[in-house]
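Hello,

Here is the structure we talked about. Please open it alongside this note; the findings follow below.

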Amino acid sequence: PKVSLTGIKPTGEPHLGNYIGAIRPSLELTSTYESIYFIADYHALTSIRDRRELASYTRSVAATWITLGLDPARTVFYRQSDVPEIFELSWVLSCVTGKGLMNRAHAYKAARDRNAESGVADLDAGINMGLFNYPILMAVDILIMNTDVVPVGQDQSQHVEYAADIAGSFNHLFGDVFSLRIPEGIYPAGSSARTLPGTDGRKMSKSYKNTIPLFAPEKQLRKLIRGIVSDSTPVEQPKDPDASAAFALFENFATPEAVKDMRARLEQGGTGWGELKNALFETVNAWLSPLREQYEALVAPGSELDAILDAGAEQARDRARPVLQGVRRAVGISPL
Ligand code: TYM
């Protein structure tokens, strides 16, 4: 079977955007693809500077996947850092990747733009080499597992294309080591095609601190949802659902009938944003509240999570090793 692979970076509590962009589509693929899902903990090190945070978010991401339905018996599930082969291949692929390609990477360019906007003279100030090399490490994550498809949100499309480009550069120089499978992104469609907005209306993102964590306690979930930005159109007036962040979220979590009904009521007038947010909270909470207990048990220290990840690491290394051996041989480094 073809291989589906994706990763989530433990830079914060996993949130509704991660669910719509990656977790839900990835879990759907497990019935038809061989699935390989992991926690990109060394990717998180480009920004996390607190050891306890990194450890705790890693657990949250792992517990979230399992609570939402990842079956470790049918999915290779591991921490990136447990697979040293990834970091060896990362060096090799960095040696066949043009610096110019990395200069054009969106995340790196955005960091430089922020410096420019705030008048910092050195545009590379505060940018570490981990951030610069990020797309190479991600290409390795993908290529070392012989991946066919990568279910991710639209924001990751450049990274997936880079993985295919980097595989091409390697093949061109050293022969067709990665030629059998050129990875392709799979992106959410329909009402989920747009990246999910956060509480401030911008893309929901851990770095904007505008996320709605999947397993926030009920009280906090309610508070976050009530705090989603909305315009000040009075209750009686007609409203534009498509300009509303709360409605964009509602579209992703409510049934099609509930969405249709809410749209009609907002457009007609007489329904306030508060009512929409209440409905959104009820919908999301009804889905997640029966799962909170299992989540809490899994994140707790000493749960079965550690054994699951250890077993996953073994399976992941078993897959990575032959790919790395092929690469070592191809470049003229003797096999281990
Ligand atoms: P990360 O941790 O930022 O996000 C994890 C996944 O969630 C998706 N996502 C969203 N989808 C829709 N709306 C949003 N607001 C939203 N926010 C996040 C992302 O598109 C992603 O699919 N570089 C990756 C991690 C990674 C990876 C990989 C992914 C490392 N190696 C190999 C796939 C394959 C990242 O930072 O994701």
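A residue is buried here if 20 or more other C-beta atoms lie within 10 Å of its own. By that count, 40% of the 336 residues of the protein chain are buried. Bear in mind that this is a predicted model.

Overall fold. The protein chain has 13 helices and 5 strands. Its radius of gyration is 21 Å, close to the 20 Å from the globule rule for 336 residues, so the chain is as compact as a globular protein of that length. Along the principal axes, the C-alpha atoms fill a box of roughly 75 × 50 × 35 Å. Take contacts between residues at least 6 apart in sequence: 77% of them join residues at least 24 apart.

Ligand site. The ligand is surrounded by 26 residues. Lys 9, Gly 17, Gly 21, Val 152 and Gly 153 are the closest. Strand S1 (3-8), helix H1 (16-29) and helix H7 (129-143) each give two or more residues to this shell. H1 supplies the largest share, 5 residues. By class, the shell holds 11 nonpolar, 11 polar and 4 charged residues.

Helix H7. This helix also deserves a look on its own. H7 has a kink of about 40 degrees, centred on Pro 135.

Best wishes

How values were computed
Residues numbered from 1 in each chain as written. Predicted model: local features only at pLDDT ≥ 70, side-chain atom pairs only at ≥ 80, totals over all residues. Near = placed C-beta within 6 Å. Helix = DSSP H or I, 4+ residues; strand = E, 2+ residues; numbered from the N terminus. Nonpolar A, V, L, I, M, F, W, Y, C, P; charged D, E, K, R; others polar. Rg over C-alpha atoms; globule rule 2.2 N^0.38 Å. Buried ≥ 20, exposed ≤ 12 C-beta atoms within 10 Å, placed from the backbone. Contact = placed C-beta atoms within 7 Å. Bend = angle between axes of the 7 residues up to and from the residue.
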